[in-house]
Amino acid sequence: MRFRKTARRVSQIYDQHLAEVGLTITQYGILAGVSRRDGISIGALAEGLVMDPTTLTRNLKPLEVRRLLVSKPDKDDRRGRALSLTPAGATMLKAAVPHWEKAQTIIAEALRADAPGVALSLDRMLEQLSK
């Protein structure tokens, strides 16, 4: 229960800071993921974000409506969709980075000197739980 409460509080901190540019932490993660791999498939992005593809698809809709990203048929698999940032999406992501960094700083300060150890433990935990 402590882990879930902490995870929710961390999400709230990110959401509070990113709200200043009109994004949630989930939307920021999607935009950042697409920016790193232009033309990424929904399945690959969902895997990278550790999200269910159906949940990801539902979260893509508001970003498409706001014209921050576009979804086109995948050139390698016409049944799939490939995602790309629009110029507005790239601008939004750039504007959001300082707010994301501020939230990161708050969370790192709460962890104090334990931050590297916590990050390593979380990476190990994620790997173990993904098997």
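Residues are numbered from 1 along each chain as its sequence is written. Because the model is predicted, local features need pLDDT of at least 70 and side-chain atom pairs count only at pLDDT 80 or more, while totals for chains, interfaces and linings use all residues; side-chain values use heavy atoms, with hydrogens and water left out.

Helices (DSSP runs of H or I, at least four residues) and strands (runs of E, at least two) are numbered from the N terminus. Helix H5 covers residues 87-111, 25 residues in total. From its first C-alpha to its last, H5 reaches 36 Å, close to the expected 36 Å at 1.5 Å a residue; the expected span is 1.5 Å times one less than the number of residues. H5 has a kink of about 35° at Val97, shortly before the proline Pro98. This bend is the angle between axes fitted to the seven residues ending at a residue and the seven starting there.

In H5, the buried residues are Gly89, Met92, Leu93, Ala96, His99, Ala103 and Ile107. Buried means under 20% relative accessible area, exposed over 50%, and partly exposed in between (1.4 Å probe, protein chains only). These residues pack against helix H1 (2-18), H2 and strand E3 (81-85), where contact means heavy atoms within 4.5 Å. After H5 comes Arg112, with a positive phi near 55°.

Gln27 lies in helix H2 (residues 25-36). With a relative accessible area of 11%, Gln27 is buried. Leaving aside residues up to four places away in sequence, Gln27 touches Gly22, Pro62, Leu63 and Arg66.

Phe3, Leu122, Met125 and Leu129 make a nonpolar surface patch of about 400 Å². Patches consist of residues with over 30% relative accessible area and no salt bridge, with like charges joined within 9 Å and nonpolar side chains (Val, Leu, Ile, Met, Phe, Trp, Tyr) within 5 Å. A salt bridge is a side-chain nitrogen of Lys or Arg within 4 Å of a carboxyl oxygen of Asp or Glu. Areas come from the Shrake-Rupley method with a 1.4 Å probe, and for residues only the protein chains shown count as cover. Helix H6 (residues 115-129) gives the most to the patch, with 3 residues. Leu122 is in H6 and is partly exposed, at 39% relative accessibility.

Val50 sits between helix H3 (42-49) and helix H4 (53-65) and is exposed at 59%. Arg67 sits between H4 and strand E2 (69-73) and is exposed at 64%.
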